[in-house]
Amino acid sequence: MAGNELRNFLLLSSRRIQRDVGSPLAKLGPYDSAHRGEKLPYFSRSSPRILPALECNAYRSFALYREARVGSTASFDLVVIGCGPAGEKAGAQAAYFGKRVALIERAQHMGGSCINTGTVPSKTLRESALYFSGLKQRGLYGIDYSLKENLTVHDFMHHEREVVDMERRRILKNLALHKIELVRGQASFEDGHTVVVCGADGTRRLKGDVILIATGSKPHRPSEIAFDDVHTFDSATFLQMDRIPKSLAVIGGGVIGCEYASIFMALGAEVTLVDGRDRLLPFLDNEISSRLRERLALLGMHFRFNDRPVKTENSKDGVRLSMKSGKILETEAALFAAGRRAAVDGLALEQARLALNDRGYIAVDENYRTSVSHIYAAGDVIGFPALASTSMEQGRVAVCHAFGLKYKQRMASLLPMGIYTIPEISAAGETEESCKEKKIDYVVGRALYENNARGHITGDTAGMLKLIFARADKKLLGVSMIGENATELIHIGLTVLDKGLTIDEFIEQVFNYPTLSETYKYAAYDGLGNLAGHKLREG
């Protein structure tokens, strides 16, 4: 849609906006501070401009205006179902190369669970928990803050609301910038090329040469568990609770479970983490997951491994969990974070000759193409690793393959894993366990935050960087970190991994002092000491 149309639409709306804000549209500021000075799309020098606070409403109104213009049947090069990280980036990628794109979203807000219920809200709550609890400062000054009584999640989520609103505005702006048709409603396949959308404006049919399914996933709710979203929650409803519980049971020792368990520990709740396996985060290097468990135990967390609830009973005081072992666990609230499945309800996949695999997800090949050659799927709907970062790239790779674009033709060979527990964890490449399984002759180098000046400055002396490299040629094989800024620092090791370089690369580089980045150099020195059979100290 041409820029003049957006301009005319805003001009027609100017009287209403002027009435709302009490000043002429032309006098409003030229930039949206949330986007670091980016000019609004489609505006000529003489065009009016809008305030950041009004941008979201203006684009939402413009999107609805455009939706009304979509006929009962319309044809597109690409039809995307779902506007989470994968859907948004895939649509923008195709539109950038001149493809006509329609994006369907049934939720009120764009961004999927990443922006609205999961990644962004939980990570923002994590930062608030660290700030208000003083947990970061305890290692510095021995400070132990006591949180005021009867705090609610809402009290801690003011900043989250600002961040989420900014991200929603960014997505709407990105769709408008790329001239993507936004169609609201429930999508369902009529046939392999036709998607029927039922929305507030009626029923529409969209035909796509290529279709991308990016509908995400949703928490699994076992039938034997009485979810009431008052005392017993899943990860999609957890942050809707109206208070910080004094006691909390977290069922599931995976990423979501460990993140929320550590966050609510920091908020002062008495947390019991339950998992049917014998360790946390079993896909991580065992030394890292053990170090996390030790750290959480020091903060007062309780663990129940090799057990799981078989029944829950809610009451006005909390939830009673009957365990498989016969034990009873009573807490004020319980979070079930033990499994997710593809969010494909209502899609009528069978009409497109598609079905879920035995894990409950859509199966794809290395190019994210399904068993139907022109239908692709990306993001959480295809399962592991189900990260926002990888979902974005999967969407881009999918559409580039679908249209034969010589651009983003493959995913990176190695993907970083970021886990926002307290302390945070990140990893890429091999672990000690995977090397043993593959019979790779390896050597380990470690660097401890307690031997790092910046570690002491920040108050985190429990962190560690672990390098795994080949004994024969010192080629880096894997990186694992736990501690402050682990999810940022991982990218240094990831670059060396991706380029197939040796640990000598860390020794040759000069790192700022004092920084946590220095741990790479000293982990490499430690590894060389292990390789030679002598060293001065551990880490």
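**Entry 1: helix 3 and helix 11**

I started with a helix pair: helix 3 passes helix 11 in a right-handed crossing. The model is predicted: I took local features only at pLDDT of at least 70 and side-chain atom pairs only at pLDDT 80 or more, while totals for chains, interfaces and linings use all residues. Residues are numbered from 1 along each chain as its sequence is written, and side-chain values use heavy atoms, with hydrogens and water left out.

My terms for this entry come next. Helices (H or I, at least four residues) and strands (E, at least two) are DSSP runs, numbered from the N terminus. A crossing is right-handed if the near helix is turned clockwise from the far one by less than a right angle, and left-handed if anticlockwise.

Helix 3 covers residues 85-96 and helix 11 covers residues 388-402. I find them packed at an angle of about 35°, with their axes 7 Å apart. (Axes are lines fitted to C-alpha atoms, for helices over the stretch in contact; angles run from 0 to 180 degrees between N-to-C directions.)

I listed the contacts next (heavy atoms within 4.5 Å). Helix 3 brings Pro85, Ala86, Lys89, Ala90, Gln93 and Ala94. Helix 11 answers with Ala388, Ser391, Met392, Gly395, Arg396, Val399 and Cys400. I sorted these residues into 8 nonpolar, 3 polar and 2 charged. (Ala, Val, Leu, Ile, Met, Phe, Trp, Tyr, Cys and Pro count as nonpolar, Asp, Glu, Lys and Arg as charged, and the others, Gly among them, as polar.)

**Entry 2: helix 5 and helix 8**

I looked up a second pair. Helix 5 (residues 119-133) and helix 8 (residues 158-177) pack at about 145°, and their axes lie 9 Å apart. This crossing is right-handed. On helix 5 I see Val120, Pro121 and Thr124. They meet His159, Glu160, Val163 and Val164 of helix 8. The contact divides into 4 nonpolar, 2 polar and 1 charged.

**Entry 3: Gly111**

I moved to the loop between strand 2 (101-105) and helix 4 (112-116), where Gly111 sits. Is Gly111 buried or exposed? Gly111 counts as buried, because its relative accessibility is 2%. (Buried means under 20% relative accessible area, exposed over 50%, partly exposed in between, with a 1.4 Å probe and protein chains only.) Leaving out residues up to four places away in sequence, Gly111 touches Cys83, Gly84, Pro85, Asn116 and Ile171.

**Entry 4: helix 14 and what precedes it**

Asn485 lies in the loop between strand 22 and helix 14. Its phi is near 65°, a positive value in a residue other than glycine. I note Asn485 as partly exposed, because its relative accessible area is 36%.

Then I checked the length of helix 14 (residues 486-498). At 1.5 Å a residue, its 13 residues should span 18 Å, and the end C-alpha atoms are 18 Å apart, so the two agree. (The expected span is 1.5 Å times one less than the number of residues.) Where does helix 14 bend? The bend is at Ile492, by about 30°. (I take it as the angle between axes fitted to the seven residues ending there and the seven starting there.)

Buried residues in helix 14 are Ala486, Thr487, Leu489, Ile490, Gly493, Leu494, Val496 and Leu497. They pack against strand 18 (417-419), strand 19 (425-429), strand 22 (476-482), helix 15 (504-508) and helix 16 (519-532). After helix 14 comes Gly500, with a positive phi near 70°.

**Entry 5: backbone checks**

I looked for cis peptide bonds. One joins Ile422 and Pro423, with omega about 5°. Pro423 is in the loop between strand 18 and strand 19. Another joins Tyr513 and Pro514, with omega about -5°. Pro514 is in the loop between helix 15 and helix 16.

I also logged Leu281, in the loop between strand 10 (270-275) and helix 10 (286-298). Leu281 is not a glycine, yet its phi is positive, about 40°. Leu281 counts as buried, because its relative accessibility is 0%.

**Entry 6: Ala470 and totals**

Ala470 lies in strand 21 (residues 464-470). Its relative accessible area is 13%, so I call it buried. Beyond four places in sequence, Ala470 touches Asp441, Lys475 and Leu477.

Last, the chain totals. I count 16 helices and 22 strands. Of the 539 residues, 53% count as buried. Among contacts with a separation of 6 or more, 63% join residues 24 or more positions apart.

Conventions
The expected span of a helix is 1.5 Å times one less than its number of residues.
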